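Please look through the sequence and the model shown below before reading on.

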Amino acid sequence: MTEVLAAAASTNCTVNNSHLFNGCGYPAPGLQDFQFRPLFTIGSWSVTKPELIAVLCVLTVIVFFWLAFRNLKMVPGRFQSLGELAVLAVRDQITRPIMGKKGDAYLPFIASLFFYIFLMNIMELIPLFQFPAMSRIGFVWPLVLIMYGTYWYVGFRTKGFIGYFRSWIPSGVPWFILPLIILVEVAKYVVVQPFTLGVRLFGNMFAGHLLLAIFMLATWYMASFSVGLLYAAGSLVMVFFVFLLEVLVDLLQAFIFTLLISTYLEDSLATGH
């Protein structure tokens, strides 16, 4: 009995030794799985794993497109073909359907954003990294602020300062409901659009990583030379299922984020509400 109590003690039960039949409780994942100790320091800056992932993703996007388009040829080489395919995919699936040909001016910006977000998301499935940096809200809000400032700037440049705010209100609205419409439209442009843009990306990445961690830990927790092995096998199947699901979610969230940005830019460029 003493040995069982000792094995169940919090000091002896860790993620590495907790199993279903050894007296330890299930090491449930939680917010602690989204906190990281510094990997190294640069002066006063302590670099954590998510920060390193963000920097590597930025460098990957820059280097890839630099290699693809540094020396354009009529008959494209390997990198140029991949680069053209990537940009055309964003153009034909995101900017052109939403903004038409005028969206081509914003294509480099939207394409870079799409692949940066996708890489940040897909890092959760790559060995050694195994973490989606966008599941930390601090990486999402700066992107939202950049996007927010961009489509407001485009609106001011296209319609003028006063004209942009006037475009928020539909024409022909009866005067007696105008105060309500103004309140709704201000809430939409100032609060709802930026808030939902950020929370949607963060929430999906956070939930997906947590779900993957739950099934991976459950597989380890139930693994034993007993009936628990059957449960562990079932949990392992779910790991592969969630893994495949996350591949789709990672791509879909990058697509949705950039699609919404294209929609907001189109709204800023449009002449009517």
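## Basis of the model

This is a predicted model, in which local features need pLDDT of at least 70 and side-chain atom pairs count only at pLDDT 80 or more, while totals for chains, interfaces and linings use all residues. Residues are numbered from 1 along each chain as its sequence is written, and side-chain values use heavy atoms, with hydrogens and water left out.

## The nonpolar core

The largest nonpolar core has 46 residues, and those with the most contacts inside it are Tyr116, Ile117, Met134, Phe257 and Ile261. Such a core is a set of buried Ala, Val, Leu, Ile, Met, Phe, Trp, Tyr and Cys residues joined through side-chain atoms within 4.5 Å, where buried means under 20% relative accessible area, exposed over 50% and partly exposed in between, with a 1.4 Å probe and protein chains only. At least two residues of this core come from each of α2 (49-69), α3 (78-99), α4 (107-122), α5 (137-159), α7 (178-222) and α8 (228-269), and α4 gives the most, with nine residues. Helices here are DSSP runs (H or I, at least four residues), numbered from the N terminus.

When residues up to four places away in sequence are not counted, Ile261 touches Ile110, Leu113, Met147 and Leu197, a contact being heavy atoms within 4.5 Å.

## Helix α5

With 23 residues, α5 reaches 33 Å from its first C-alpha to its last, close to the 33 Å expected at 1.5 Å a residue; the expected span is 1.5 Å times one less than the number of residues in the helix. The buried residues of α5 are Val140, Leu143, Val144, Met147, Tyr148, Tyr151, Trp152, Val154 and Gly155. Just after α5, Gly160 takes a positive phi of about 85°.

## Aromatic rings

Across the whole structure, a search finds 26 aromatic pairs. Rings of Phe, Tyr and Trp (its six-membered ring) pair if their centres lie within 6.5 Å, and planes under 30 degrees apart count as stacked, over 60 as edge-to-face and the rest as tilted. Tyr148 and Tyr151 form an edge-to-face pair, because their ring centres are 5.9 Å apart and their planes stand at 75°. These two residues are separated by about one helical turn, because they are three residues apart in helix α5.

The rings of Phe165 and Trp168 are also edge-to-face, with centres 5.1 Å apart and planes at 75°. Phe165 counts as partly exposed at 27% relative accessibility, whereas Trp168 is buried, with a relative accessible area of 5%. One aromatic cluster is formed by Tyr148, Tyr151, Trp152, Phe156, Phe161, Tyr164, Phe165, Trp168, Tyr189 and Tyr264.

## Charged side chains

The count comes to three salt bridges, each being a side-chain nitrogen of Lys or Arg within 4 Å of a carboxyl oxygen of Asp or Glu. Arg91 and Asp92 meet in one of them (3.0 Å, N to O), and Arg96 forms another with Asp104, the closest N and O atoms being 2.8 Å apart. Arg96 is partly exposed, with a relative accessible area of 28%, and Asp104 counts as partly exposed at 28% relative accessibility.

Lys102 forms a salt bridge with Glu266, with the closest N and O atoms 3.2 Å apart. Because Lys102 lies in the loop between α3 and α4 and Glu266 in helix α8, the pair ties together parts that are 164 residues apart in sequence.
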